Amino acid sequence: MQTMEKKTLSILGATGSIGQNTLDLVRRNPADFDIVALTAFSGVELLIALAKEFKPVIATIGNEELFTVLKDGLAGTGIRCTAGEEGLLEAANEPSDMVVAAIVGAAGLRPVLTAVRRGATIALANKEYLVCAGDLMMQEVATHGATLLPVDSEHNAIFQVFDDAAENAVSRIILTASGGPFLNRSVESLGTVTPKEAVAHPNWDMGAKISVDSATMMNKGLEVIEAYHLFPVEKHQLDIVIHPQSVIHSMVEYIDGSTLAQLGCPDMRVPIASCLAWPNRMRTPAKKLNLAEIGSLDFFDVDYTKFKCLQLAKDALLAGGAAPTMLNAANEVAVAAFLDKKIGFLDISTLVETVLSKSDMKEPHSLANVFEIDTETRSLAQSYLPKA
Ligand code: NDP
Ligand code: MG
């Protein structure tokens, strides 16, 4: 049995779906981890409860208005409380072996860069960072000797079967996609779907934003861009296949005709555990695969006319320059507007497409440029939303 040295762990986005799954594993393996930092944005009561349970060095609430509630809630515990963007940077900078990057959207990019710059090992759940600033972020990782471990189930699968010693022998990376809740619905029927229907993913229980991205299949588009930055392949070597059961989490095809896959029941604790224990393995409560019970696995080609967001993301990857940063920002605005019932489901792709076609922004050469493009694109996208 492998033994694992005790690790110190910071969780950015501790109150979310990935954060909670991570803490579930920590709770089951208390001898293996010490928690250094926990952060949240608005879930202050949950953050207080988690801080009392896991006793981090620092607890941070992103929403500054909730700082007093946090401070009062943790009075007498000796836990340092911080708030706002500066507070998040302080949490990320607190020394720890591993940082779980589980803040949703581009909002967590600065804190993660702070952790990268101190050379931490990052268990990266957030895909938006690599989409909006992939080249620059990977440069920062290399410069500061940080380590990126992918939490996203597809990328974690690829990470497990990608032979680094034979990268020239890789012919394709094949990402599997469940197709989300609307795989079998006609495009005509999607105009009226509600946020509740869109968030109800058939296989995975996730936060609202990624669930909507899965329903539009923008999620798979973001993941193609994420894979491009994480693995040494060319853009044309990235493929997608629909696989509704989410048992095969992705595949790597080699020039000799071998295709290696990682399989498992759809439970995010499996890829999270693979990162937490890396380079070893740890037990999880995830159900083990029973293939005879499952019986058969299905695969289909993607319908790009129905899932326009996926086509837009693939086009943005090919276009390069500012397009992926803009795609991500426009999509974040569109998904938030859909969840707020300001626009319909099919308006998400229309808004992203309109924003991408209306701008001639230049390729970002610095992280400051990325933040400028992100901000400008968000205002442009907002300007197309229906006025209240
Ligand atoms: P959730 O919405 O469940 O959680 C998001 C977390 O980020 C919460 O802790 C939230 O705090 C915090 N947060 C939200 N906005 C801000 C902000 N502006 N500043 C600081 N913190 C903020 O998301 P998920 O856990 O589902 O996803 C997290 C990331 O992981 C996403 O990028 C997603 O794409 C990726 N991912 C998720 C998977 C999943 O299974 N959930 C699978 C693969 C990837 P609070 O709740 O307190 O407001
Ligand atoms: Mg995924």
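**Figure legends: the predicted protein chain and its magnesium site**

**Figure 1. Overall fold of the protein chain.** The secondary structure of the protein chain comprises 16 helices and 11 strands, where helices (H or I, at least four residues) and strands (E, at least two) are DSSP runs numbered from the N terminus. With a radius of gyration of 20 Å, close to the 21 Å that the globule rule gives for 388 residues, the chain is therefore as compact as a globular protein of that length. This radius is taken over C-alpha atoms, and the rule is 2.2 Å times the number of residues to the power 0.38. The C-alpha trace spans about 60 × 55 × 40 Å along its principal axes. This is a predicted model, in which local features need pLDDT of at least 70 and side-chain atom pairs count only at pLDDT 80 or more, while totals for chains, interfaces and linings use all residues. Residues are numbered from 1 along each chain as its sequence is written, chains are lettered from A and ligands numbered from 1 in the order in which they are written, and side-chain values use heavy atoms, with hydrogens and water left out.

**Figure 2. The site of the magnesium ion (ligand 2).** The protein donors are D152 (OD), E154 (OE) and E223 (OE), lying 2.1 Å from the ion. Donors are N, O and S atoms within 2.8 Å of the metal (3.2 Å for Na, K and Ca); water is not among the atoms, so sites may look incomplete. D152 belongs to the loop between β7 (147-150) and α7 (153-161), whereas E223 belongs to helix α10 (residues 218-230), so the pair ties together parts that are 71 residues apart in sequence. D152 is buried, with a relative accessible area of 7%, and E223 is buried, with a value of 1%. Buried means under 20% relative accessible area, exposed over 50%, and partly exposed in between (1.4 Å probe, protein chains only).

**Figure 3. Helix α5 and its surroundings.** In helix α5 (residues 109-117), 7 of the 9 residues are buried, so the helix is largely enclosed by the rest of the structure. These buried residues are L109, P111, V112, L113, T114, A115 and V116. They pack against β1 (7-12), α4 (84-93), β5 (98-101), β6 (121-124), α6 (128-143) and α16 (367-383), a contact being heavy atoms within 4.5 Å. Just after α5, G119 adopts a positive phi of about 75°.
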